[in-house]
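Please consult the sequence and structure shown here alongside the text.

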Amino acid sequence: MIPNSQGSLTIRNARIFDGESPALIEGSIIVRDGRVTAVGSTDEGTGAGNMLDAGGRVVIPGLIDAHFHAYALSLTSAINETGPLSYSALAGARRLEAALGRGFTSVRDVAGGDVGLATAIEEGLYPGPRYFFTGPALSQTGGHGDIRAASDASCFHGGHMCEVVDGVEDLLLAVRHRFRTGATAIKLMTSGGVISPVDPIRVPQYSAAEIRVVTEEASRRGSYATAHAYSPEAITHSVLNGVRCIEHGNLLDAETARLMAENDVYLVPTLVTYDAMGRRGAEIGLTEVGVAKNQEVLGAGKNAVTLARDAGVRIGFGSDLMGELEDEQLAGLRLQCEVLGVYDALRSATSTNAALLRREDLGRIAKGACADLVILDGNPFDEPSVLWDERRNRTVIKAGHVFPSGGFPVGSVMTDEVTSGATA
């Protein structure tokens, strides 16, 4: 079992990207009880007895994946939705552990997850990132979350990742149920998707009244709604009815990007999922319909991110990887760096995603922030591949605990001297 105590240590001889400034800070990071107490300090006597020498390497805030799916065990929706929940949870815990090992110390699960999985991670039963979940995403009948083909006459009301809910009253009840059971945000499907069988990608889904009841109820709870949406029509429909974040957004145009910026709506692009499906579709059994839809959005994704940046939209980072594609998570950083550059891509996956989560104590290395950190094997501003090359060592720290390659922290049993570079 993972120790519940918060870690305390001093990381010395570091070059520090604080999540916001392009200038690296040289010096130490002092951590006490899982929180950063000083950055750049040379007074290591105020830190804990456990010492970690970064050896001049760059330390970044723990990465945040704002579009993760713990229960997405397959690209076959029926497997994800209707298999035993106990199996999905156990397999999901393994997916979360792997994400932590790559340096993702927080994830936002935007279709699935539940309070049981979150509690198991929080209590230390399994190693994993900080886990923010929406519960099953909300889909209209025949929408992106409805797994039935046109010839399928069966009933489907929902499963582990999506629930089919129509009408204002039923949506209101569904939102309240999610917040009662620990959700931190609400996910809506407001356009078609790649793997769903009967919904064109561009067509908006849900009526204005249906979206509005979800966003207003989420706002009353001090939370927000995020929307799966690809096309300008679907994005506009979502934004004008109160959605705070757009997932994917691949078909975004300049006018719609300006609308998002005017309404302070985030974009969480998921470039890697289309890239990975394009390269590995045959390997993973992507359907012919899925291949055609993926081609429609694959080429447009990078252009959408560029348009959003130029309009002043706040751009986060997400992966959206399902099944065997989960091992492509770090490749998402490569693709986002290709569009935004290293600095803006790193901000997307750290401080911008933290602001989206409304957790200003994440995604930054600053006094009072959670001590979620990654020590890279080099300087990403000189050598960007250290961000995504899994052959390069990295040391992952969550709440002041150092996580080795086995997944469980060694923070409570550290020797007086721990050298950087343990593969996590």
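## The pair E328 and R280

E328 is buried, with a relative accessible area of 9%. In this predicted model, the side chain of E328 forms a salt bridge with that of R280, with an N to O distance of 2.9 Å. The two residues belong to distant parts of the chain, 48 residues apart: E328 sits in the loop between α10 (301–311) and α11 (331–340), whereas R280 is in helix α8 (residues 271–284). R280 is likewise buried, its relative accessible area being 13%; both this value and the 9% of E328 fall under the 20% limit for burial.

E328 and R280 also take part in a network of salt bridges.

E247 and R108 are joined through their side chains by a salt bridge, with 2.6 Å from N to O.

Are the two partners buried or exposed? E247 is buried, with a relative accessible area of 0%. R108 is buried as well, at 1%.

## A bridge within one helix

A further salt bridge links E217 to R220, whose closest N and O atoms are 2.6 Å apart. Both residues are in helix α5 (residues 208–220), where a spacing of 3 residues separates them by about one helical turn.

E217 is buried, with a relative accessible area of 7%, whereas R220 is exposed, at 58%. The value for R220 is over the 50% cut-off that defines an exposed residue.

## The chain as a whole

How many salt bridges does a search of the whole structure find? The search gives 23. In general, side chains of opposite charge can pair when their charged atoms come close.

The protein chain contains 12 helices and 18 strands. Among its 424 residues, 59% count as buried. Of the contacts in the chain with a separation of 6 or more, 70% are between residues 24 or more positions apart. The accessible surface of the protein chain amounts to about 15700 Å², and carbon and sulfur atoms account for 51% of that area.

Terms used: Residues numbered from 1 in each chain as written. Predicted model: local features only at pLDDT ≥ 70, side-chain atom pairs only at ≥ 80, totals over all residues. Heavy atoms only, no water. Salt bridge = Lys/Arg side-chain N within 4 Å of Asp/Glu carboxyl O. Buried < 20%, exposed > 50% of the residue type's maximum accessible area, 1.4 Å probe, protein only. Helix = DSSP H or I, 4+ residues; strand = E, 2+ residues; numbered from the N terminus. Contact = heavy atoms within 4.5 Å. Areas by Shrake-Rupley, 256 points an atom, 1.4 Å probe, with all protein chains shown as cover.
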